[in-house]
Amino acid sequence: MRKVYEIKDEELIKNILENTEFGTLAICMDNKPYSVPLNFVEINGEIFIHGAKKGKKIEIMNNNNNASFSVVESYSLLPSYFSTDDGRASPATHMFKSIILDGHIEFIEDYDVKANALEMLMQKYQKEGGYKALTDVIYKKIINATCIYKLVPSQSSAKFHLGQDYNEQRFARVKEHLLKRGTKKDLDTLKLMESLRV
């Protein structure tokens, strides 16, 4: 990983995990990789996931609990001519934030921990409320029937590719093109790019 893109700020990393809707869980059995996109919630540095108690994913994790989890926040795609007018394709790039967490899977059996994880998932994905708390007895059968597991990270890496290494000339040219194209995504990207140049 290029050092210029590496992010160590735990608060920035936590914000990405809170704001990203989907992540990809990568697992492996018999030297065959398997990855699946899914909803998740971060609680105290661990990634909690829910699903069925049976299936390919569960079988793999029961046999090999090593796992990797990644999330990406996508920002503007920059065509090559945003950076240069010499016709080269190589400056084309995509702005993003990403996190990779490597660790192991632990299955959760404790009812209260499961209920709390599901409550935190609801708070993340249904911020407006409008539902009975997961402590309500009406959920007992569902919670008991639901598989909750977590990724316990042993190492992590975060990378922001937002033009931190651009010289003033390239940055000014990219900025001009982002303003000209002017989508909300472009304006959000530019704001982030400018914040990282301070």
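Aspartate 86 and arginine 88 form a salt bridge, their closest N and O atoms 2.6 Å apart; a salt bridge here is a side-chain nitrogen of Lys or Arg within 4 Å of a carboxyl oxygen of Asp or Glu. Aspartate 86 is partly exposed at 44% relative accessibility, and arginine 88 is partly exposed at 43%. Buried means under 20% relative accessible area, exposed over 50%, and partly exposed in between (1.4 Å probe, protein chains only). This is a predicted model, in which local features need pLDDT of at least 70 and side-chain atom pairs count only at pLDDT 80 or more, while totals for chains, interfaces and linings use all residues. Residues are numbered from 1 along each chain as its sequence is written, and side-chain values use heavy atoms, with hydrogens and water left out.

The whole structure has eleven salt bridges. One of them joins lysine 14 to glutamate 42, with the closest N and O atoms 2.8 Å apart. Lysine 14 lies in helix 1 (residues 10-19) and glutamate 42 in strand 3, so the pair ties together parts that are 28 residues apart in sequence. Helices (H or I, at least four residues) and strands (E, at least two) are DSSP runs, numbered from the N terminus. Glutamate 42 is buried at 12% relative accessibility, whereas lysine 14 is partly exposed at 30%. Salt bridges with shared partners link Lys14, Glu18 and Glu42 into one network.

Lysine 124, in helix 3 (residues 111-125), is buried but has no salt bridge; glutamate 42, the nearest side chain of opposite charge, is 8.3 Å away. For charge, Lys and Arg count as positive and Asp and Glu as negative; His and the chain ends are not counted. Beyond its neighbours within four places in sequence, lysine 124 is in contact (heavy atoms within 4.5 Å) with residues including Glu18 and Phe40.

Seven strands form an open antiparallel sheet in the order 2-1-5-6-7-4-3, where two strands pair if DSSP finds at least two bridges between them. Strand 2 (32-38) and strand 3 (41-43) are the edge strands, each pairing on one side only. Strand 5 (residues 66-78) and strand 6 (residues 93-108) pair over eleven bridges, with leucine 78 opposite threonine 93.

Finally, the cysteines. The whole structure has zero disulfides, a disulfide being a pair of cysteine sulfur atoms within 2.5 Å. Cysteine 147 is buried at 7% relative accessibility, and cysteine 28 is partly exposed at 26%.
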